[in-house]
Structures are given as structure tokens and as C-alpha cells.
Amino acid sequence: MSYLGPFTSLFREKQVNDWVKNCLEKGLPASAKPSLAATLGDQVKIRQWNIDGLPTDSFSVDNGIVVDNARRWPLMIDPQNQANKWVRNMEKDNNLKVVKPSDSDFLRTLENAVNFGSPVLMENVMEELDPSLEPLLLKQVFKQGGVMCIRLGDATVEYSDQFRFYLTTKMPNPHYLPEVAVKVTLLNFMITPEGLTDQLLGIVVSQERPDLEEQKEKLILEGAENKRKLKEVEDEILHILSSSEGNILEDESAIEALKQSKIIGDDIKEKQTIAEATEKDIDEVRQKYKPIAYSTQVLFFCISTLANIEPVYQYSLQWFVSLFLSGIKKSEKSKDIVQRMKNLDEYFTYSLYMNICRSLLEKDKIVFSFLLTVRIMQGKGEVDDSTWLFLLTGGVAMDNPNPNPCSDWLSDKNWGEICRASDTLNGFQGFKESFSTHADDWRRIYDSTSPHEEKFAGEWEEKIVGMARLIILRCIRSDKLILGIQQFIISSSGEKYMKPPQFDLLLSYNDSDSCTPLVFILSPGSDPMTPLLKLAKEMKIETGYISLGQGQGPWAEKMIESSRKEGKWAVMQNCMLAPSWMNSLERICESFTPETCHDKFRLWCTTYPTPVFPVTVLQNGVKMTNEPPKGLRANIQGSFAVDPIGDPEFFSSCGKGEKFRALVYNLCFFHAAIQERRTYGPLGWNIPYEFNMSDLAICARQLVQFLDDNDEVPFNALKYTAGECNYGGRVTDDKDRRCLNSILDRFYNPEAMKPGGLLDADGIYTCPPDTTLEGYKEYIDNLPLVTGPGVVGLHENANITKNQFETDKVLSAVLITEAGSGSGGGGGGNSKEDMIENVSADILAKLPENFDMEAAMLKYPVSRTESMNTVLHQELYKFNMLMSLAKSSLKNIRKAVKGLVVMSSELEGLGNNLFYGQIPTMWKGKSFASLKPLGGYIQNFLERLTFFGGWLNDKVPIVFWISGFFFPPAFLTGAKQNYARKTGIAIDLIDFEFELMKESNYTEKPTDGVYTIGFFFEGARWDPEVMLLGESKPKELFSPAPIIYFFPLPLEEMKPYPHYNCPVYKTADRRGILATTGHSTNFILFVRVPSDRPESFWVGRGTAMISQLDD
């Protein structure tokens, strides 16, 4: 009771067993299996608690006994709201008061409760408790005027013995400091797999075999009655013994009473023996239902991790249990228990899939199907943990001594994964060697358009089954892994788990009632209002809506209040814009009861995924998503279906009808193209903007106005309003604005608006001949269903980038749900702790000593003529900071794993990062920008240290590795500064000219400027034969740039030549934070690259240079 409150049931059990063992070793008497229920439990009381909502598993019952018996007030860790529900029901008849720390008048409520002896439940407490609660928690009661009193705030209140105080928190893993923990009885009510299995077993048995439940109830009552009788008999005997005078053997009444009590006692013992036998039989029958309880709890823990992906994916245990009960009622019955359990399992799993999918965004539906499949297999012991972890992370890469036998087509990153799989995974022994013996067969899979359907090389086709096949696909063609995952889901769970339900507003409405809020989870381009207003019209219900924002709270409350009384619908739009009002929304939703709400009343909310939306509203509400259809054709169809373009009156409202209709079609095509580019990740847009229908609508309306007001089409005005204001107003990155205007030029020009005018480079899409609105819709219906990257200006290779981008998103989403679950080891052998120990020891062994800053100052003193010395000092200082942090944190995590120092949350995060092969979060504040996995990052870090070590200890490099710098702009400014000081020209009148060099090595420094190496082209390549920018080779996503000579020149001496102004970024995600320079923190500079094609061509291709790759 004193110590085990905060721990899980397994840990409590282990601890009690250890204590018993120690007691027996020291010769102290102890029960073989002591338990709180047996020692302090009152079965009748426990039965009443269960009726009041306390879960029936032994863990929860123990918690209930502690609450009932502990001297300090309980603080219950209760993310699933189980303790909260139990306390509310248990104390309902005693006039329970419910308060929150955020309530302004909670102290007044407490004062009244303490005075009148009412119980108080304080819910949603955080990690720190209000200091005014201290006297109450410490029970600082004193006598004043003959009555017990207590100080609360600045008032002295009479203290009633009947007062009881309960605290609950929804935080799943709070950290309470010792000063809080000693004032309360900390209790862990968080549901555990064992506890939930126990609860679900009780539910399924009570539904399937009510006769057994009845028998068990009867036994509990009989047992309690027998105990009462025994107590009476014992009391009577004690009374006779204490009151009899003289020889007891001569007292006939005493002997008679003892005789009777013996008969009753024997009778009770007999009944108890029968009861125990019956209970044993009941438990044996219950065990037959255990498999379904076990598999169902696996599903609950699967959906409870989805909140790690998006904070709005919240599902309460109460909702899950009611869905399970509905499954028990609706699934196919059978006399055979095994068959019945199978029917129920299949029905409930699919029912859960359909219900959850309704509330997931499109991007997460395959993540959920995959998670569901894998979790079910893990529950059955069919998944090797090390294989699963490798699939998600590719293993932790360190040195790879094995030479790549297929270097002409297989990248070093893929070869590294193949070697790690071969060395660490069960069943993959000899995998890396097969690339020497079956190189052509593996090459066939690499070159295939559908590698997931190809047969593997040699014996590997028969040898590798199930999830292990995905490992091979990941190692050779990870861009097609999504297709492999889909195939895996279909073969393991069935095709229906790859067909999420269509959006059905009426179905969601039918699942709700007047007390249940309905929540739309928004995504870019989604429009829930159209179907919502349509449904309201069909059902003849008045609907009011308000877009939330600053100062809208009171109006929203008035609308909800009036709608609740009058039976209207109230729609709260964009809840994420009113974070301060969310507490009020939660309070309002909690106050809904069938008595206070009109039957027809519904509260609808719309929000983007955000952590500010109240969790209780999400858990108790009906959640749904309505996303726009994917693809270019569907997008244009959508634009032609909604106002204003879908309105025939508007479509024929312009005086210059033919020109207007052609431009409207081109505008809709432009709208679809810029949305389609978003699917290509950073190659499409540096920042994924949320262009939506309102941008399109305002452009269409302005089109009518501009055409009617001018004789000629004012292209410049149209381009400015669309490219700089309506669409461009959302664009914060100047490179993205350049791209947006470049795409707009393709659609808003005299050639493109003629019938048959080209809208893409391949000539597949053209401007249709003038026709009616219906004619345009018919024309759009015949457009190709699948579009290639050429339509949005990208190279064919962009498909690989797009697929890889989707694969990475799915794997990282699954990994987020996995992090913290502590699964490690498995077939690979090492436990999580061993893995962390090995990786940290390996990194520590490789890190050299910090740079000697004193030696650097002496060898390269600060000099007016050589700015590079200052650049070197700054870089060495930053590397020393990072090295010191890395070394100290790695030493600490090794100690923490061994239990020598406290495992803080930062160290725990570091351990998880090392285990999953990620760059440690705690290093990022002091680190250079990088998207590499841990192995690649460490290797890159060591290469940087080697480069600067050579500069410090040997001589200034002739060719600078520009990618190795923490802050490349400082290095480039240093080169400019040297030239400015040498020539006496002001630095802001100087800029770089660029020359991409033919040679791959140089032995002498240039007179002015610097030679640099280390950039990579994405979306293009450098053609050394013609010395111009050229198209990428097939399947070559990145190509190394040659040595680039940066030579400073006065601005007046710069000569124009045909070039592409190529942006250079630190990492391939291209986005950063907007800095004071007006550019992103990820952006380095523009490099003018000679080109014989117009700049708009390379802008459409998304061509850029990257200073480091992601492998």
C-alpha cells in the first residue's frame, strides 16, 4: 500500500514475490501468495465497486482497496477515465462535488465540502498541485472552540469527518516530484494488457454465459452471508465464555449453544467447500474465453498508439468496450466455443477497422491497416521483433567493411542494409553473398516496374516468407515498399482491410445522439460544410455556424445554448484557431445530458489535427474525415462541381464568354497541378501549402471582372492577382513563389487559351474547344485517370522520389507508434539495453579528442588579410561543443542503462534514438543540419572532423569541402571579405561568379576566391561533355556536382549569360525556419549554372543543389 501504488500489475507481482522470498529466507512467517484482496478485501464491498464501474480485474480491485484504506488522499493516474467514472458513481449518492484546478472557484467548493462532509473529486490535475491544497493533503487539522478545523487559503473551515478527497490526472506518464508524492497516495489506474484482458474476459463471459455470472454473484453473496453467520456464532461463543460463571460444563445452555455453533460452523465449511469447487469449475469455463479477451486487448493497445501520429486520434476505453459489446450481440452465434470465438474475433476486428478508418486522414489509413495486421500477428507470436524493427529502421549503420559487388546499380546505402540484414537477422544468413552469385537475378528485381511481384533470386524465393519478404524489398527497391506492404496486408488479413469505408455523413449522424459531439478532422482542401448543410436541408433542421477565432467564444456559447434548447444544429468551425476557448468547449460538452438537450440538437466541430482540441470531446465524440479525391482529374472535376464555377449562371456571366471559359478551365488545371506537386514532397514545394477552393473562387470571380473591364485579356494583372495575392499570399518561400509564377505562366498566356493549346510539356493535356458547362464536365471525365510527373513539370524520376517520400512517411508514422513500447530483442538476440550499450560504446570509441583551440589561435591567428582563420576558429568551437555534448551524454546513457545514474527523460529519449538508429534529439540544438540515419550521421560527423583536423594540423585545403561546414554562408562571406580587403571595394558591391570546373583535382589555390566540392544536383545533372546543365539519367535521383570555383567580382564587372539560378540547400527537405535574411535557415545561396534551356524549365523540374544526402 505504501510503495507499490504507482507501478503496473506485473511489477507489483514481481515485487511481492521478491518480498515473500526474502521473508522466507530470513525465517519470517509469510503466506505463499499474499494479496490485498485476501487480507483487506470485503467481497460485498468489492462487488458494489464493480457495479459502480470499478473494473473487475485484480489490479483495479487492489487499487480500490488502497483508496478505501490508505491514510493519505489518493492521486490516481487515470488516462482511460476508469477511476474517475468509478468515483463519480460510488460517491453519487453522497453529493459528490467535481472540480478542476482550472476552475476559478474550486477553493470555495472545497471549503463547503470540507464543512458539510461532502466528497470532492478534483480531476485533470497536472504535475504540480496548487499550494493552497497542502493543508488538506497533509490533513493539518486542529481544534478550535471544541471543534476540528482546517485552514484553507485565508479561511479557517470546520472540518467534517465525513469529508473525502480524490484526485485524478489524465496524463499517461506524469512525473511527480517527491514533495508531491509524499503528500498523496499515488495510484496507477492506467490500463495494462493483463488488466484489460481480465476486464474483457469478464465482459465476454457475462454476455456469453450469463448463467455463470449469476452463479458467481450468488457465490459472493452466499460467502458474505456465511461469513456474517460465522461472525455471529463466534461472537455468541465469546459472549457465553465471558458471561458464564462457575464450571462451564455444568451450564446446559452454554453447551447447547456451543453444539449449535459447531453444527452451523460445519455446515458453513461444507458450503464453503462446495462453493470453492463451483468457483473452480466457473474459472475453468472462463478460461475457454480467454483467447478472445487477449486478442481484443491487443486491438485496444493498437488504436491507443495512434494518438502519437496525430493528437486528434483519441479513442476512449468506454467507446471501445461498447463497440465490443455490440460485436458480441451482432456477430454470428455458434454452439462450439472455439468457432464462436473465431466468429466474434473476425467480426469485431473488421468492425473496429471500419469505425477507426472513418476518423483517419487518408495518409494514415494504410498505416493503420499495416499496424493492425502486425499487432494481431505479434499477439499470436508470429512476428520476430528484430525483423520488424529492421523493416522500420533499416538497422543501425556503423562501418561496413564488405565491398559492394554490384556498385554499378546498387547504392552504398542499400548495400549497407543488405549487409546488416545478412549479419543480424534470422533466416538471412548468406544474403549478402548471394549478390555475388545471383547478381543478374537481383538486378532484374531492381530494374522491374513491379519489383514486389517478382520472384527472388535462387533459393531465396522459397526461403523467405511473410514480413521477411518486405525486408528484401526495402533493401533493393524501398520506393516500392508501399505496394509490398499492401500485398502483405491482403495476404495476412484479407483484401477488405485495404478498402476503407467511403465518407458517409448520415452513418456518422446515426451513431451520435444529442449529447455526443461530431468532430470533422480537416485536411488541406477538405470541405465538410457542403455535405453537412445538404444533410441539414434533407432533414429540415436549422443550422447555425460560427468560425472561431479571437473574441468569438461568447457568441459560440450563446449559439450552442440556444441550439440545445430549440433542437437546432450548431457548427463550430476551425476550433484550432481558438485554443483559449477549448476549456470552455470541454466544459460545455461535459454538461450535456439527455434531459438538458433537445433530441434533434447536434454539436458539430471542425478542426485540423492539433494538440489543443480537448481530448475528452475527441474520445466521446464521433470523429470523421472528408478529404478531396486524389489525382489531377478528380481535382478538376471537383473544381467544376462547386460554386462559383459549377454554377451555370456564373459560367455564362462574362461578356467575353469564349476567352473566359478557356481561362477558367486553365485556372482549374493550374489549381489541380499545384496541388498535385505537393505529393512529390520537397521536390514539388519546399513548404507544402494548403491551397484551397477559396483561392480558386476569388481568382474565378476576378477573371470575370478583369475581362469585362478590359478590351484585351490583362494577363499581367491576372498573373499578379493569382500569383502574388490569392495563391501567392500563402507562399512564404521565395523559391516557391518563383515556381508558382512559373507554373502560372504556362496557363495564363495567349497560346494556352486557344483550343488545342498545350498545357503540359508532353502534349497529353490541351485546352478544350469552347462548349457549355456540361460539355466541359464531359471533356474532364475523359482525361487520363493516372497522371505522370511531366504534367506538373517534373522529370520521370520524380515518381521514384514520390514513392520514396510516401514510404518514408508510412514507416516513420509506424515507428512513432512503436517508440516507447520497449519492444526489442527477439530473434536478433540483443535486448534494447544491450543495443544502446553497444551503439554508444561504438560511437564513443570513434570520437577523437576535442580540437586544441589554443593551437588553432597560434597557428591561424585572427588576421585582417585572412578571414578564413576566423571561420576556422568558429567552426572548431562549434564542433568542440557538439563533441563534448555527444561524449558526456553517451557516457551518461551507459551509466543510466546500468542503473548507476537516474534515467532522466532526456536520457531516455537518447536511448530510444540510439535504439531506433536516429540522430539524438538532445544533440540537435548543437548539431549541424542533417537528415541521415544515426550511422550515416556519425560517419559524416567523423569525416567533418577529419577535414577540419587536416586543416588545423596540416595546411589550408586547396579545395574546400563546403558540405563539411556548420555554417557555409560564413565561409563564403570570408572568401568575399578577403577579396574586398585586398581590392578595397566595399563588400556589398561584390558578388560571386561561378565556374563549374572540368578537372576533378587541383594542386594550387586560385588567386582570388575558393574551389569547393561537396554539392549534389537533384532534378538535373551536370553534363561535363557540353559543360551545361542536363536532364537526370533514369533512376539517378542525385548526381554529384563538379568542383565549383567561387570567384568574387565587383557587381559592375558581372556579365550576363544563359543560366539557371540554382538554389543550394543544406539538406534534401529544403525547408527551414524563415531567418532574418529573408531566406530559410536551410538555404545557402543561389549558384548560376550555365544552361541552354529557359529557367522556367528547371524551376518546374524542382532543380536544386543539396550539400548532403540523406543516407
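The legends below describe several close-up views of one predicted protein model.

**Figure 1. The whole predicted model, as a guide to the views that follow.** Residues are numbered from 1 along each chain as its sequence is written, and side-chain values use heavy atoms, with hydrogens and water left out. Because the model is predicted, local features need a pLDDT of at least 70 and side-chain atom pairs count only at pLDDT 80 or more, whereas totals for chains, interfaces and linings use all residues. The secondary structure comes to 42 helices and 24 strands, where helices (H or I, at least four residues) and strands (E, at least two) are DSSP runs numbered from the N terminus. Taken along the principal axes, the C-alpha atoms fill a box of roughly 130 × 80 × 75 Å. Of the 1111 residues, 50% count as buried; buried means under 20% relative accessible area, exposed means over 50%, and partly exposed lies in between (1.4 Å probe, protein chains only). Among contacts (heavy atoms within 4.5 Å) between residues at least 6 apart in sequence, 73% join residues at least 24 apart.

Figure 2. The 3 strands run in the order β4-β5-β6 with antiparallel pairing, and two strands are said to pair if DSSP finds at least two bridges between them. At the edges are β4 (141-144) and β6 (155-158), each of which pairs on one side only. From one strand to the next the twist averages 45°; axes here are lines fitted to C-alpha atoms, for helices over the stretch in contact, and angles run from 0 to 180 degrees between N-to-C directions. Strand β5 (residues 147-152) is joined to β6 in the antiparallel sense over 4 bridges, and C149 stands opposite E158 in β6. Helix α6 (residues 106-116) packs on the sheet and touches β5 and β6, its direction making about 35° with that of β6.

**Figure 3. Strand β22 and its two partner strands.** In general, strands of a sheet pair through backbone hydrogen bonds, either parallel or antiparallel. Strand β22 (residues 1059-1065) has 5 of its 7 residues buried, so it is largely enclosed by the rest of the structure. With strand β23 (residues 1083-1090), β22 pairs in the antiparallel sense over 7 bridges, and Y1060 stands opposite V1089 in β23. With strand β24 (residues 1104-1106), β22 pairs in the parallel sense over 2 bridges, and the bridge partner of V1064 in β24 is M1105.

Figure 4. In general, side chains of opposite charge can pair when their charged atoms come close. A search of the whole structure finds 49 salt bridges, each being a side-chain nitrogen of Lys or Arg within 4 Å of a carboxyl oxygen of Asp or Glu. The side chains of E123 and K100 meet in one of them (3.5 Å, N to O). E123 lies in the loop between β3 (120-122) and α7 (134-137) and K100 in the loop between β2 (97-99) and α6, so the pair ties together parts that are 23 residues apart in sequence. Both E123 and K100 are buried. A salt bridge also joins R375 and E818 (3.0 Å, N to O), linking distant parts of the chain, with R375 in helix α15 (residues 362-379) and E818 in helix α35, 443 residues apart; both R375 and E818 are buried. In the pair of E495 and K499 (3.8 Å, N to O), E495 is partly exposed with a relative accessible area of 47%, while K499 is exposed with 52%. Salt bridges that share partners also join R88, K100, E123 and E590 into one network.

**Figure 5. The surroundings of N797.** N797 is found in the loop between α34 (773-781) and α35 (798-818), and counts as buried at 8% relative accessibility. Leaving aside its neighbours within four places in sequence, N797 is in contact with S1032, K1033, P1034, K1035, E1036 and L1037. A polar atom of the N797 side chain lies 2.9 Å from the backbone nitrogen of K1035.

**Figure 6. K891 in helix α38.** K891 lies in helix α38 (residues 868-898) and counts as partly exposed, at 48% relative accessibility. Although K891 and E837 are 54 residues apart along the chain, their C-alpha atoms are separated by 9.6 Å.

Technical notes: Polar contact = N/O pair within 3.5 Å; in protein donor to acceptor, adjacent residues only side chain to side chain.
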